[in-house]
Amino acid sequence: MFCVNCGTQLAGDERFCTKCGQPVVAPPLGRPGMAAGFQGQPMYQRPYYGRRLPPQKGTLDSLIDNVNRMTGGTEHVELKMKDLVENVFRKHTKQEAEQIFIYGTAATTPPEEQISTDWPHPWLYSRVFLVLAVTMLGLLFMNQMLGNKLAAPGVIFIGALAVPFSALIFFFEVNAPRNISIFETTQVFFIGGVMSLIMTMFVYGFIGFDKLNNTSTFLVGLAEEVGKVMVIAYFLRGQEKKFILNGLLIGAAVGAGFAVFETAGYIAKSNSLTVLYLRGALALGGHVAWAGLTGAALAMVKGDKPLRIDHLMDMRFLKFLAVSIVLHGLWDMPLLSHIMPLITQVGLMAVVWIFLLVMLHAGLRQISTIQQQAKAAGTQPLS
């Protein structure tokens, strides 16, 4: 006996198909597998004229669809996470790495019609992390095993740098327009990182709070994310930074600089390697990700126009800024930190990366739309 809708073979005593959920119609007597009115035709080939139920979406699919709608998309989004790591395990030449690092120059920035809209396959970020990790191990050996106290500042800085800067290289690789150089990226990383810390101090002074508790963590999120957005807005102000993926990279650069300098300060203050390891391991879901998300959202609403105040007031941007503030507040919340510290933060890290990958998809969709519009304009007859 087969389901009339999907053809799944059934045991014969089910009321509903175990695969698609359609009601089971019993076959006529004497001819198993055949349905009355369709003599000689197996039940799984019988046309079904009823209303098919839409496939049920899981929680993850629903979240992805909702985030995609926030970017203005309506299509189904497939997050090809395997593609983001599969090239890490392949052998690459020095020339391949050099080719990536020369992106963004006048000679290496492709014209818009040649920008790739394929899902990226980055890998260089893993090699950068490996270099920094080996450097870190060497400094730790000097400091801990050989007793060289002069290596301590190196341990602090490289320990704080390793994960955020490697994540920044990831966003540099996935910037498909290839219109931002590694020099400019590093400039935004250092100057943007310092300036965002300064702007955050001004915002802290404006809103003010006495101590960290389950409510004030959202004020922390508000102060730090708004402080970073002010700096991101400065670097995105021109017309040339019109791609969503540009905003993703610029935001990640500001966030990475912020994360490195803040983490180095915490390590120096606590004089604890535990702080180094913990903040390093969780850096992927912190400032780099939150600022990358808001940077992408700002570039999305700005498009190819110079940045204006009304872009910062656009609800599409403010929704993503609110997401970053809430995720930041939950990350710092003492209640969650005491109950399930690592589980909570790993979960928040997963959520923000879903937002980031949907933004990556939106960035590729934007490039495809620009290319299609340019192609259509080029085929219009001259009047």
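Analyst: One definition first: a crossing is right-handed if the near helix is turned clockwise from the far one by less than a right angle, and left-handed if anticlockwise. The model is a predicted one.

User: Which hand does the crossing of α4 and α5 have?

Analyst: The axes of α4 and α5 come within 11 Å and cross at roughly 140°. Angles over 145 degrees would count as roughly antiparallel, and 65 to 115 as roughly perpendicular; α4 and α5 are therefore oblique to each other. By the clockwise rule, the hand of the crossing in which α4 passes α5 is right-handed.

User: How many nonpolar residues are in the contact of α4 with α5?

Analyst: From α4 the contact takes L161, F165, L168, I169 and F172, and from α5 it takes I182, T185 and F189. In this contact 1 residue is polar and no residue is charged. The nonpolar count is 7.

User: Is V174 buried or exposed?

Analyst: V174 lies in the loop between α4 (152–173) and α5. Beyond four places in sequence, V174 touches P120, P122, L245 and L360. Buried means under 20% relative accessible area. V174 has 3% relative accessibility, so V174 counts as buried.

User: What distance separates the C-alpha atoms of V174 and H121?

Analyst: V174 and H121 are 53 residues apart along the chain. The C-alpha separation of V174 and H121 is 7.9 Å.

User: At what angle do α5 and α6 pack?

Analyst: Helix α5 covers residues 182–207 and helix α6 covers residues 217–235, with their axes 8 Å apart. The packing angle makes α5 oblique to α6, and the crossing is right-handed. Residues in this contact include M195, M199 and V203 of α5 and L219, V226 and F235 of α6. The angle is about 135°.

User: What percentage of the chain's residues count as buried?

Analyst: The chain contains 13 helices and 2 strands. Of its contacts with a separation of 6 or more, 73% join residues 24 or more positions apart. Of the 383 residues, the buried part is 45%.

Conventions. Residues are numbered from 1 along each chain as its sequence is written. This is a predicted model: local features need pLDDT of at least 70, side-chain atom pairs count only at pLDDT 80 or more; totals for chains, interfaces and linings use all residues. Side-chain values use heavy atoms; hydrogens and water are left out. Axes are lines fitted to C-alpha atoms, for helices over the stretch in contact, and angles run from 0 to 180 degrees between N-to-C directions. Helices (H or I, at least four residues) and strands (E, at least two) are DSSP runs, numbered from the N terminus. Angles under 35 degrees count as roughly parallel, over 145 as roughly antiparallel, 65 to 115 as roughly perpendicular and the rest as oblique. Contact means heavy atoms within 4.5 Å. Buried means under 20% relative accessible area, exposed over 50%, partly exposed in between (1.4 Å probe, protein chains only). Ala, Val, Leu, Ile, Met, Phe, Trp, Tyr, Cys and Pro count as nonpolar, Asp, Glu, Lys and Arg as charged, and the others, Gly among them, as polar.
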